[in-house]
Amino acid sequence: MQGVSWMKIFFQSKMTSFVFLLSCIGLIHATAVPDLTVSNERYTGKVIGGSSAHPAMWRYQASLQYDNWNSGSFAHICGGSLVSPLYVMTAAHCILDMQVRNYRVVLGDYNLYKYEGTEQSRSVTKIVVHPGWTGDLTIGNDIALLRLASPVYSNGNIALAELPYPEQTLPNGFTCYITGWGLLATGGSTPDILQEAPIPVVEHSVCASPDWWSTAVRKTMVCAGGDGKTSGCQGDSGGPLSCFTDGYWRVHGVVSFGPAADCNTYRKPTVFTRVSSFMNWLYSEMV
C-alpha cells in the first residue's frame with residue numbers, strides 16, 4: 001500500500017464546498033489551549049478514533065489556511081505548530097504554491113467556525129521549504145516554516161511549542177497525542193472543534209518491516225498508530241505529534257502521510273516527519 005499526502009486528497013475533495021461555506025459565514029477566526037506541563041495521562045480522548053480536545057490544552061496548535069481564488073476567503077488546509085513568535089512549522093507538502101498572499105495562519109483556534117476572542121490571525125511573509133524536499137513523501141524532508149507578518153503574543157491561549165533534543169527518539173509504544181481538524185473518518189466530515197487522540201509510537205525497526213510500511217519510512221520519520229482504530233487523516237497534515245518528555249509537551253513530529261485508501265488501516269500507522277532530525281535546520285532558518 002502506497003503512502004499518500006492526506007492534504008492533497010483533502011484539498012481536492014473538500015476545497016470547493018468548504019470555501020463556499022466560509023463565504024456564507026464569514027472569515028474563519030482563530031481559538032485555543034491549560035498548562036502544558038502536565039502528565040499526558042491526564043487527558044483522554046481518542047482525529048479518527050479521537051474526541052474533542054480540552055479547550056485550552058494544545059496552545060501551539062495552528063491552522064494553516066489558504067485562499068484558493070484570491071477572494072479573501074480562507075479555508076483550513078493543514079495544521080502547524082508555533083515554534084517562535086514569528087514562525088510556524090508545518091509540512092512541506094502543505095505548501096500548494098509559493099505565493100505568500102494566498103496563506104494565513106491562525107493561532108489560538110478551537111472552533112474553526114466560531115469567533116471566541118482568543119484567536120490571532122497572521123498573514124505570511126516568507127515560506128521556507130526544506131531544501132531536501134522533492135515532493136516524494138518516501139524520501140522525507142517533509143517540513144517547512146512560515147514566517148508571520150508580525151509576532152504572535154501570549155494571551156493565555158497561545159504558547160510556543162517545546163521541541164525535542166537533536167536526534168531524540170522515543171521507545172516503541174510510547175503514548176503521544178495527535179491533534180487537528182482533519183476528517184473524523186475516511187471520506188467523512190470535518191469537525192468544527194479541534195480533535196485529539198492518544199496514539200502510540202511504533203519504533204522504526206517495526207514500522208519499516210515488510211508487513212508495515214517497509215521501505216516507505218526512514219529514520220528521519222516517526223510512525224504512530226497502526227491499530228486500525230486511531231490515526232490522522234486528511235486535514236491533519238502539518239500538525240503536531242505531541243509527546244510528554246522531560247517534563248514538557250514537545251512536538252516530536254509533523255504529520256506527513258498515511259495510507260491512500262483508508263486513513264486508519266491496520267499496520268499502516270500515521271507517518272510524521274521526525275522533528276529531532278531537523279533541529280539544526282530549524283534553528284538556522286529562524287533568524
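Strands β13 (248-259) and β14 (270-274) each supply at least two residues of the lining of the largest cavity, where helices (H or I, at least four residues) and strands (E, at least two) are DSSP runs numbered from the N terminus. The structure is a predicted model, in which local features need pLDDT of at least 70 and side-chain atom pairs count only at pLDDT 80 or more, while totals for chains, interfaces and linings use all residues. Residues are numbered from 1 along each chain as its sequence is written, and side-chain values use heavy atoms, with hydrogens and water left out.

The largest cavity has a volume of about 40 Å³. A cavity is defined on a 1 Å grid over the protein atoms alone, as a set of points where a 1.4 Å probe fits but cannot get out, and lining residues have an atom within 4 Å of a point. Grid points are joined across faces, edges and corners, and the volume is the space filled by probe spheres set on the points. The lining of this cavity is formed by L137, G140, N141, D142, T220, M221, S256, F257, F272 and T273. By residue class, the lining comprises four nonpolar residues, five polar residues and one charged residue; here Ala, Val, Leu, Ile, Met, Phe, Trp, Tyr, Cys and Pro count as nonpolar, Asp, Glu, Lys and Arg as charged, and the others, Gly among them, as polar.

In the protein as a whole, the secondary structure comes to three helices and 14 strands. Of the 287 residues, 58% count as buried, a term that means under 20% relative accessible area, whereas exposed means over 50% and partly exposed lies in between (1.4 Å probe, protein chains only). The accessible surface comes to about 10,900 Å², of which 53% belongs to carbon and sulfur atoms; such areas come from the Shrake-Rupley method with a 1.4 Å probe, and for residues only the protein chains shown count as cover.

Strand β12 (residues 240-245) runs antiparallel to β13 and is joined to it by six bridges, with R250 of β13 as the bridge partner of C243. The hairpin of β12 and β13 has two residues between the strands, and within this hairpin D246 takes a positive phi near 55°.

Strand β13 is also joined to β14, by four bridges in an antiparallel arrangement. Across this pairing, V271 in β14 is the bridge partner of F257, and R274 in β14 stands opposite G253. Five of the five residues of β14 are buried, so β14 is likewise largely enclosed by the rest of the structure. Four bridges also connect β14 with strand β11 (residues 221-224), again antiparallel, and in β14 the bridge partner of A224 is T270.

Individual residues elsewhere in the chain were also considered. Q65 lies in strand β3 (residues 61-66) and counts as buried because its relative accessibility is 0%. The side chain of Q65 makes a polar contact of 3.0 Å with that of S63 and another of 2.8 Å with the side chain of R104. A polar contact is a pair of N or O atoms within 3.5 Å; within protein, one must be able to donate a hydrogen and the other to accept it, and residues adjacent in sequence count only if both atoms are side-chain atoms.

H93 is placed in the loop between β5 (87-90) and β6 (103-107), and at 8% relative accessibility H93 counts as buried. Its side chain is joined to that of S237 by a polar contact of 2.9 Å, while the C-alpha atoms of H93 and V129, which are 36 residues apart along the chain, are separated by 9.1 Å.

F278, found in the loop between β14 and α3 (279-285), is buried, with a relative accessible area of 5%. F278 and E167 are 111 residues apart in sequence and 8.2 Å apart in space, C-alpha to C-alpha. V206, by contrast, is found in helix α2 (residues 204-207) and is partly exposed, with a relative accessible area of 24%.

Note on methods:
1 Å grid on protein atoms, 1.4 Å probe; cavity = no way out; pocket = protein on both sides within 12 Å on 5 of 7 lines; lining within 4 Å. Pairing = 2+ DSSP bridges.
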